[in-house]
Amino acid sequence: MANDAYNESTRLIIRATLIAGFLDLSSAFVYAMLEGHPPLGVLFAIASGVWPGARNAGLAGMLAGVLLHFAIMSVMVWVYVMLARRREWAVRHPFIAGSLYGLGLWCVMYLIVLPLRWPAILQRVSMVSLGEQWFSHIVLVGVPIALLAARDRQPLLRKVAMAMDG
């Protein structure tokens, strides 16, 4: 029985990581295109967070960006799943909990992680980019993770999450 719960959690974390990771990465591609940048440049930018030479590494740099993006997303999902298991409120109110979690993720990324690597990052934030960042972190990451985490506990949410799975 404990093994079934472990397998269920693992499947949830993988599924939510893939869904939220794909949505987040897709939005980054769209925002890059809207700003006149090549979408695949996003992958080099992600990889350059830990590998400064990634921009000159071709396919290896892009692959590193994809892997790093989904590795970070898996940690984000894991943290939410563990929190939701201890907070019934998050299961009963996934839209609110997911929105708050998405905003919290934005705070961690843009107020702590990114400034440590690129100190001038907040100087380049406009109202438009802030709106894009909040939309991505809240609507495309936090809420889908929360819905998927809550789906096994609430029948209506299970239907919504199943529709998201395809």
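This is a predicted model: local features need pLDDT of at least 70, side-chain atom pairs count only at pLDDT 80 or more; totals for chains, interfaces and linings use all residues.
Trainee: What is the secondary structure of the protein chain?
Mentor: Read along the sequence, the pattern is α-α-α-α-α-α-α. The chain has zero strands, and its helices number seven.

Trainee: What percentage of the residues in the protein chain is buried?
Mentor: The chain has 166 residues. Those under 20% relative accessible area count as buried. Their share is 39%.

Trainee: How many aromatic pairs does a search of the whole structure find?
Mentor: Rings pair if their centres lie within 6.5 Å. Searching the whole structure with that rule gives a count of three.

Trainee: What kind of pair do the rings of Trp106 and Tyr110 make?
Mentor: Their centres are 5.6 Å apart, and their planes meet at 15 degrees. Planes under 30 degrees apart count as stacked. So the pair of Trp106 and Tyr110 is stacked.

Trainee: Which helix holds Trp106 and Tyr110?
Mentor: The two are four residues apart, so about one helical turn separates them. Both are buried. Their helix, residues 94-117, is H5.

Trainee: What kind of pair do Trp106 and Trp134 make?
Mentor: Here the ring centres lie 5.8 Å apart, with the planes at 90 degrees. Planes over 60 degrees apart count as edge-to-face. So the pair of Trp106 and Trp134 is edge-to-face.

Trainee: How many residues apart in sequence are the parts this pair ties together?
Mentor: Trp106 lies in helix H5, and Trp134 lies in helix H6, residues 127-150. So the pair links parts whose separation in residues is 28.

Trainee: Which residues form one aromatic cluster?
Mentor: Trp134 counts as partly exposed, at 37% relative accessibility. Trp106 and Tyr110 are both buried. The one cluster is formed by Trp106, Tyr110 and Trp134.

Trainee: Where does H5 bend?
Mentor: H5 has 24 residues and reaches 32 Å from its first C-alpha to its last. That is close to the expected 34 Å. The bend is about 35 degrees, at a residue that is among the buried ones of H5. The residue is Met109.

Trainee: Which proline follows the bend of H6 within four residues?
Mentor: H6 bends by about 30 degrees at Gly142. The proline that follows is Pro144.

Trainee: How many residues of H6 are buried?
Mentor: H6 has 24 residues and spans 32 Å between its end C-alphas, close to the 34 Å expected. The helix is mostly covered. Its buried residues number 18.

Trainee: How far apart in space are Leu23 and Val139, C-alpha to C-alpha?
Mentor: Leu23 lies in helix H1, residues 2-34. Leu23 is partly exposed, with a relative accessible area of 28%. In sequence, Leu23 and Val139 are 116 residues apart. In space, their C-alpha atoms are separated by 9.4 Å.

Methods: Residues are numbered from 1 along each chain as its sequence is written. Side-chain values use heavy atoms; hydrogens and water are left out. Rings of Phe, Tyr and Trp (its six-membered ring) pair if their centres lie within 6.5 Å; planes under 30 degrees apart count as stacked, over 60 as edge-to-face and the rest as tilted. Buried means under 20% relative accessible area, exposed over 50%, partly exposed in between (1.4 Å probe, protein chains only). The expected span of a helix is 1.5 Å times one less than its number of residues. The bend at a residue is the angle between axes fitted to the seven residues ending there and the seven starting there.
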